[in-house]
Amino acid sequence: MSVDVFRGRLLSKGFCAEHLQTSLSFIDRKIRLGDIKAVRISPKMTRIDGDSLADFLEQQAAIASTPRGKFRKVA
């Protein structure tokens, strides 16, 4: 799935959790840590910035593709 579908939109936490196949607590944690930007509209309604989410996912993809452990080449 391309992350460009998230850009320019305000997304609910439930929508993000469903499409990323993760939990709401993971989304809440990333918002609290500042990895994903969000706006609290009311005590029960939070909207996530789609651009921020797309940037976060691109960062995670770059980190995940870096070999770790015994497969890492040490120069």
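Trainee: Which strands does helix H1 lie across?

Mentor: Helix H1, residues 13-20, lies across S1 and S3. This is a predicted model, by the way.

Trainee: At what angle does H1 run to S1?

Mentor: At about 80 degrees.

Trainee: And the sheet itself. What is the strand order?

Mentor: The order is S1-S3-S2. The sheet is open, has 3 strands and pairs antiparallel.

Trainee: Which strands are at the edges?

Mentor: S1 and strand S2 (38-42). Each of these pairs on one side only.

Trainee: How many degrees are neighbouring strands turned against each other?

Mentor: On average 35 degrees, with direction ignored.

Trainee: Back to S1 and S3. How many bridges do they pair over?

Mentor: They pair over 3 bridges, in the antiparallel sense. S3 covers residues 45-49.

Trainee: Which residue stands opposite Ser-12?

Mentor: Arg-47, which is in S3.

Trainee: Switching to charges. How many salt bridges are there?

Mentor: The count comes to 6 salt bridges. In general, side chains of opposite charge can pair when their charged atoms come close.

Trainee: Say I click on Arg-7. What does its side chain meet in a salt bridge at 3.6 Å?

Mentor: The side chain of Asp-4, with that distance taken N to O. Arg-7 also forms a salt bridge with Asp-51. There the closest N and O atoms are 4.0 Å apart.

Trainee: What parts does the pair of Asp-51 and Arg-7 tie together?

Mentor: Asp-51 lies in helix H3 (residues 50-64), and Arg-7 lies in the segment before strand S1 (10-12), so the pair ties together parts that are 44 residues apart in sequence.

Trainee: Is Arg-7 buried or partly exposed?

Mentor: Arg-7 counts as partly exposed, at 29% relative accessibility. Asp-51 is partly exposed too, with a relative accessible area of 31%.

Trainee: Which residues are linked with Arg-7 in a network of salt bridges?

Mentor: Asp-4, Asp-51, Asp-55 and Glu-58 are linked with Arg-7 in that network.

Trainee: New topic, Lys-30. Where is its place?

Mentor: Lys-30 is in helix H2, residues 24-33.

Trainee: What does Lys-30 form a salt bridge with?

Mentor: With Asp-35. The closest N and O atoms are 3.4 Å apart.

Trainee: What else does Lys-30 touch?

Mentor: Besides Asp-35, Lys-30 touches Ile-36 and Phe-56, not counting residues up to four places away in sequence.

How values were computed: Residues numbered from 1 in each chain as written. Predicted model: local features only at pLDDT ≥ 70, side-chain atom pairs only at ≥ 80, totals over all residues. Heavy atoms only, no water. Buried < 20%, exposed > 50% of the residue type's maximum accessible area, 1.4 Å probe, protein only. Helix = DSSP H or I, 4+ residues; strand = E, 2+ residues; numbered from the N terminus. Contact = heavy atoms within 4.5 Å. Pairing = 2+ DSSP bridges. Axes fitted to C-alpha atoms, helices over the stretch in contact; angles between N-to-C directions.
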